[in-house]
Amino acid sequence: MWLKWFDFRKKSLFHISYSLHRLTGVVLAVYLVMHLSYLTSLRLGRGVYEYFISTTLTPAFLGFDILLVLAGVYHGVNGIRLILHEFGIAYELRRPILYLCYVVVLVVWLYASYVLYSYVMGV
Amino acid sequence: MEEMEVIFRIKRFDGEREYWSNFVIPAKKGMTVLEGLFYVKENYDSSLAFRASCRMGICGSCAIKINGKPKLACETQILHLNSNKIKVEPLDNFKVIKDLITEFEGFFVKHSRVKPYLIRKEDNYAEPVELIQKPSQLSKYYDYSLCIKCGACYSVCPASSSRDDYLGPAAMASAYRFIADSRDEGYKERMEIVCGDCGVWRCHFAGECSEVCPKGVEPAKAIQKLRFKSALYMLRKLFMG
Amino acid sequence: MRIRSDIVIVGAGLAGLRAAISAAEVSNQLSIAIISKTYPIRCHSVCAEGGTAAVLSEEDSFDLHAWDTVKGSDFLADQPAVELFVREMPNEILRLDNWGCPWSRTDDGRIAQRPFGGHSFNRTVFAADRTGFHEVHTLYERMLMYPNITRFEEYFVTNLAIEDNEVKGLTAIELKTGELVLFEAKAVILATGGAGRLFGFTTYSHQVTGDGMAIAFRAGVPLKDMEFFQFHPTGLIPSGILMTEACRGEGGYLINRNEERFMKNYAPERMELAPRDVVARSMWREIIEGRGFDSPYGPYIALDLTHLGEDKIDERLPLIRSASIKFAGVDPVEEPIPVRPVAHYTMGGVHTNMNCETNIRGLYAAGEVACVSIHGANRLGSNSTAECLVFGRIAGEKAAEYALKKNYYPSTDFLKEEESKINSLLKESGDESPYQIKSELNKTMDENLWIFRNEEGMMDALRKINELKERYANISITDKSRRFNTDLTFAIEVGFMLDLAEVVVLGALKRKESRGAHFRTDYPERDDENWLKHTLAHYTKDGIEFSYIPVEITKWEPVERKY
């Protein structure tokens, strides 16, 4: 029953976007917990914190990080679209705005991935 | 294409078990899915149960899932589906009584909960007086009054499928239709219901309801507009009591 | 199971809903049950399109509306009833306005009115071209306000319980479970609508099978003027979907294959806005004489709206445009719509007086099921939705007054008898298919009881109907389960229709004249000397007996009917 919201067979792009928004929301929530737990390691001393962080800033984690950035960018940009529409603004333009949203997500994500990649790989 | 043989694959339910039945229909140009269902009933299996009345898309009886999407059977032409296998199932999110007939009682109860009638302080039954309404005021809510209560929106709403008590897109569109009607004086009463636990705030704009509505009512638009009004109403209540 | 109420209303269309509200307004102590075989907003009344006539303007008058109605009825209407009807209408329109109906408006916000066939003044109030739809939803939503009205949705009424000429209640099948329920009531109002599915090419919904008429008939209530069936000029081919009279009201033309507006030869003054029987006959004559267009679905006449312009069509006729595109593939803005006369309204029905009372104490009837008669031999457009509102109100009030005065609840053992009848019907295993019987009934009605009738054709029809009745005794019902058995309800409906078809054919054979919608090529003239009277059909064990009652004429003597 509770998985019904993720059933996107034969549904429009609007419904799919809603499902993805929920999925990325869950992913980001999990990430937030992880991130906070890493941060709290600061109380054990700067060295412990830097050790934890250095394990994640490696090429092995790059794949996860890029996907995480995608989730974050998607949730943020789509979120702005939702805030706009959920207050009754520009509903008639919902289709162009949806497509624009996906374009923006793609562009921002590709650029962010490029920056991340360059930093981690030392290019 | 003038004629084609198609197979109707219909999901059946007799109260105890679910099963599928296949029937071959000689589909002609202009033949609707509803006509196909009547063909099955008259020639193959007269125990097939489905709701149908007006056959012109105004009564809302025949909303079913055709090839995965909710549509009115009387308005859907078989040859326009571009497939020779037509999967026919009852609407989602409703309990199935028999074959394609689903339980609509709950749907109408939810509709009645938003007080979908014009509320006026003075109810003059014996000597009514004409209420003035300019065409521009009429057009503000008219499109939302076209809802035929077919249940298609409710069947694709993810909020309705995850929670049984959400009022649903049709009821919310109905609430907005009255709030936007210049003759209505029941704003406060309806707002209390709509801002409540099972009202606008359960919607997360999946937007599928507007995509499947056969009459172009746009319930998603009504709900978002209602949400804006709800936000203002709740803020006003919070700060001004 | 037994359910007890003060008033039971059968049918939740315009008349039934209005009666429920009216009874609830009389007293909130009355318990009112409203039974329908579908959910109320799925009734056939939602298909009504054009409008509802009422005298709202200073320049119009009650006498003019009444005169239009009486002349339109070919002088068979009972004039006191017509005069009552026109005087009650304006308030009904205003009440609907107060209850939320989205009437179309003029620029300064007043309720708009449009021209319509047979009316000498533009008095048809409308809500785009979905008037019936909006009226039904408004009444349904208003009905939700009254806590003493209980709805019994998807209950199929099978019989009335009548003892000592008093109504005791009725039996109905709860479709969901298949259980037979007995409703005991002080008063019963029938509002079950017409019997249009007797015909094959018809504007009616699938569910309009004359249930109330047939049940009342078998229970001893006479049916009046059943031979008068209205054929609406413009039905979309091949589905029969109604193209409202408002198309012609807003300025549409009827064109034959020679590109002429042929109505100038039949009704030079009113042209396309002559009453429906005149226009239907003219169109049919054009078709028989070879001046119709050809198509794979038979001959047709063109309804031309192309000169109205897209804006006007989208504003005043949006449903017509979308129905025409969806069901005939034709956009009225670009091309004319293919139409043909189609069976549309049952002028006849259960015999009632002006107070909606029948000859059985406690039994009332309102709407299309009843024949008061205000439509006589032909109904004017936009007068039927009006009739449902006015007489729905009257029936509700009278039934409520009757129920308040009655100080006992009738009780009856009728349930057992009816149960055994239904059980035996279910057990039947003959070899006739009820679907086949209905389709043959439709064919013979379409051929012989159509716009132009004659003795030979009607005798053929009578023979066929008798044959079908014999075969009906041998039907088989495939679905033996109780749960939502649409097979069983269909078979019962076919039985009702066969009864009614016999009444229609016999009445038509007996009436040796042409009046209104009943036109015989062998008796083509109106015969006021012998036939200015209503036909009454009574059900007896030995067959159907006919009697005649005079028409009530007060103000207007019959004159030649020219348009």
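**Figure 1. Pairing of strand 3 and strand 5 in chain C of the predicted model.** Strand 3 of chain C and strand 5 (residues 124–125) of chain C run antiparallel and are joined by two bridges. Strands (E, at least two residues) and helices (H or I, at least four residues) are DSSP runs, numbered from the N terminus, and two strands pair if DSSP finds at least two bridges between them. C:Ala53 has C:Thr124 of strand 5 of chain C as its bridge partner. The open sheet of chain C contains three strands in the order 3-5-4, with antiparallel pairing. Strand 3 (52–53) and strand 4 (113–114) of chain C each have a single partner strand and stand at the edges, so one side of each lacks a neighbour in the sheet. This is a predicted model, in which local features need pLDDT of at least 70, side-chain atom pairs count only at pLDDT 80 or more, and totals for chains, interfaces and linings use all residues. Residues are numbered from 1 along each chain as its sequence is written, while chains are lettered from A and ligands numbered from 1 in the order in which they are written.

**Figure 2. The fold of chain B.** Nine helices and seven strands make up the secondary structure of chain B. Along the principal axes, the C-alpha atoms of chain B fill a box of roughly 65 × 40 × 35 Å. Of the 241 residues in chain B, 51% are buried (20 or more other C-beta atoms within 10 Å of the residue's own, with C-beta atoms placed from the backbone).

**Figure 3. The two domains of chain B.** An automatic or database domain assignment divides chain B into domain 1 (3–102) and domain 2 (105–240). The C-alpha centres of these domains of chain B lie 30 Å apart. Their contact takes 14 residues from domain 1 of chain B and 12 residues from domain 2 of chain B; two residues are in contact if their C-beta atoms, placed from the backbone, lie within 7 Å. On the side of domain 1 of chain B that touches domain 2 of chain B, strand 4 (residues 69–72) of chain B gives the most, with four residues.

**Figure 4. The contact between chain B and chain A.** Chain B gives 18 residues to this contact and chain A gives 17 residues. On the chain B side, the elements giving two or more residues are helix 5 (158–162), helix 8 (208–212) and helix 9 (219–240) of chain B. Helix 9 of chain B gives the most, with six residues.

Key:
Buried ≥ 20, exposed ≤ 12 C-beta atoms within 10 Å, placed from the backbone.
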